[in-house]
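Have the viewer open and follow along.

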Amino acid sequence: MLREAQRSRPGPRTARPSASRAPRPAAAPRAPRSAPARPARGPRRAAERARGLYLRAKRAWDRPLTAYYLILGGSLMLLGLGLVMVFSASQIEALGSGLSSAYYFRKQLLAAVLGGVLLLAAARMPVALQRGLAYPLLAASVFLLCLVQVPGIGQEVKGNQNWIQLGGPFQFQPSEFAKLALVLWGADLLARKGDRRLLNQWKHMLVPLVPVAFLLLGLIMLGRDMGTSLILAAILVGLLWLAGAPLRLFAGVLAVAGVLGTLLIATSGNRMARFACLGATDPGPNDQCWQAVHGIYALASGGWFGSGLGDSMEKWGQLPEPHTDFIFAVTGEELGLAGTLPVLALFAALGYAGIRVAGRTEDPFVRYAAGGVTTWITAQAVVNIGAVLGLLPIAGVPLPLFSYGGSALLPTMFAVGLLISAARSEPAAKAALAMRQPAVRKKLAGVRRKTMGRSAVRRPSGER
């Protein structure tokens with residue numbers, strides 16, 4: 001009993017650590033609450049929007065089909081606006097000749113339809129067929145240029161012996177097709193020599209490209225067509241540049257061409273008079289600068305938004321060649337600066353797209369052909385617009401895809417078709433175009449349906 005009482009007696013209590021009394025770890029300092037992010041305002045918000053627009057535009061610009069759409073859309077827009085301006089600028093000229101007011105427009109529309117067929121044919125033409133056309137087209141051009149000089153066959157129009165009468169109101173200018181012949185033949189020649197690794201030798205770089213180009217230039221200059229000769233010389237320079245001609249070789253060809261051009265200009269009073277009209281603001285003695293000065297008058301009177309479509313005053317006999325060489329001046333007078341800037345932008349877009357295609361393609365022939373066509377169109381546009389602005393002498397070349405003239409429009413549209421074909425031949429563009437075909441989309445949709453069906457059948461039985 002005593003032992004049980006001793007066991008039940010409470011003994012001295014030992015201190016036990018209490019959970020409530022345990023030292024608490026130091027609490028981490030709370031981070032100050034940040035204010036909610038506010039949308040950028042003022043200049044910062046505008047800068048962010050501008051940057052976003054820039055990034056979206058850059059992504060759209062780098063898409064595989066950008067060059068394709070630029071070439072196709074730009075050329076069609078130039079052609080459509082050109083038809084409108086040909087109708088507006090040629091009415092007074094046609095009525096003054098006793099013709100219908102839509103006479104020149106109907107002829108240009110017919111040439112545009114035929115050119116559209118050539119554009120589609122060239123865009124779908126395989127590269128092997130393009131190369132096969134090079135030598136026949138060059139031989140035909142040389143033959144026709146010789147035929148122009150035969151009395152009774154060749155015709156002289158406004159001082160230039162470079163036309164062949166086809167019958168009725170239709171005429172043919174072989175020098176326009178010589179541009180296309182030089183592009184195709186030169187591209188094929190350089191591509192074959194590049195495959196054999198001969199372009200690192202200067203004699204293979206120049207022969208026979210330069211002699212044949214000089215033959216075409218000589219035949220054209222026999223007809224006193226200085227403007228077309230300048231464009232052919234520009235095409236030759238562009239092909240040599242694309243082929244990687246050394247600087248000394250390049251400079252030598254330019255020096256020879258410059259000397260010959262200077263001699264041809266110095267020996268012709270008409271050409272010297274054209275150089276004397278650079279920057280002229282007065283017609284001068286004997287009205288030798290009449291056309292150049294009235295082209296400036298037309299642009300100056302147009303102002304910002306022009307006098308209105310069809311309301312040009314200079315086309316009423318004051319401005320010579322209002323629907324051909326100086327159609328850009330009539331465009332500036334009727335549509336103003338707001339009408340001429342889009343034309344310049346379209347030519348700049350064509351030039352950019354052509355350079356992009358030439359730089360991205362893997363086929364040497366396509367690279368040389370695309371570069372030659374781009375040089376041709378941009379050089380001719382610069383020469384024509386520069387003459388209208390008084391910055392270059394009047395060379396008598398039409399504005400590509402814009403001015404009146406079927407002989408110039410047909411080969412130019414075929415050349416644009418070559419550019420479209422080159423843009424379609426890029427690997428990334430091929431893949432993008434294949435995805436847009438209905439058959440491919442239908443096949444992909446069927447694959448997706450089959451895949452979805454198989455995945456639905458293979459689901460576990462307990463899954464819902």
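Below are some notes on the sheet, the salt bridges, and a couple of spots in one loop. Keep in mind that this is a predicted model. The sheet is an open one, built from three antiparallel strands in the order β1-β2-β3. A search of the whole structure turns up six salt bridges, and there's also a nonpolar surface patch of about 570 Å² to look at.

**The sheet**

- Start at the edges: β1 (154-157) and β3 (170-172) each pair on one side only.
- From one strand to the next, the twist averages 50 degrees.
- As for what holds such things together, strands of a sheet pair through backbone hydrogen bonds, either parallel or antiparallel.
- Four bridges link β1 with β2 (residues 160-167), and the two strands run antiparallel.
- On the β2 side, Asn160 is the residue standing opposite Val157.
- The β2 and β3 strands are antiparallel as well, joined by three bridges.
- Here Gly167 has Phe170 in β3 as its bridge partner.

**The two hairpins**

- β1 and β2 make a hairpin with two residues between them. Look at Lys158 in that turn: its phi is positive, at about 55 degrees.
- The hairpin of β2 and β3 has two residues between its strands. There, Gly168 is the one with a positive phi, near 70 degrees.

**Salt bridges within a helix**

- A bit of background first: side chains of opposite charge can pair when their charged atoms come close.
- In helix α2 (residues 43-61), Arg44 and Glu48 are four residues apart, so about one helical turn separates them. Their side chains meet in a salt bridge, at 3.7 Å from N to O.
- How open is this pair to the outside? Arg44 is exposed because its relative accessibility is 58%, while Glu48, at 46%, counts as partly exposed.
- Over in helix α7 (residues 174-195), Glu176 and Lys179 sit three residues apart, about one turn of the helix. They form a salt bridge too, with the closest N and O atoms 2.9 Å apart.
- Are Glu176 and Lys179 buried or exposed? Both are buried.

- With a relative accessible area of 39%, Arg224 is partly exposed.
- There's a network to find as well: salt bridges link Arg131, Asp188 and Arg192.

- Which residues make the nonpolar surface patch? They are Trp304, Phe305, Leu337, Leu341 and Leu344.
- Take Phe305 from that group: you'll find Phe305 in the loop between α13 (290-302) and α14 (327-335). Its relative accessible area is 66%, so Phe305 counts as exposed.
- Thr324 is also placed in the loop between α13 and α14, but Thr324 is buried because its relative accessibility is 11%.
- What does Thr324 touch, leaving out residues up to four places away in sequence? The contacts are Ser403 and Tyr404.

Conventions. Residues numbered from 1 in each chain as written. Predicted model: local features only at pLDDT ≥ 70, side-chain atom pairs only at ≥ 80, totals over all residues. Heavy atoms only, no water. Pairing = 2+ DSSP bridges. Axes fitted to C-alpha atoms, helices over the stretch in contact; angles between N-to-C directions. Patch = residues over 30% accessible without salt bridge, like charges linked within 9 Å, V, L, I, M, F, W, Y side chains within 5 Å. Areas by Shrake-Rupley, 256 points an atom, 1.4 Å probe, with all protein chains shown as cover. Salt bridge = Lys/Arg side-chain N within 4 Å of Asp/Glu carboxyl O. Buried < 20%, exposed > 50% of the residue type's maximum accessible area, 1.4 Å probe, protein only. Contact = heavy atoms within 4.5 Å.
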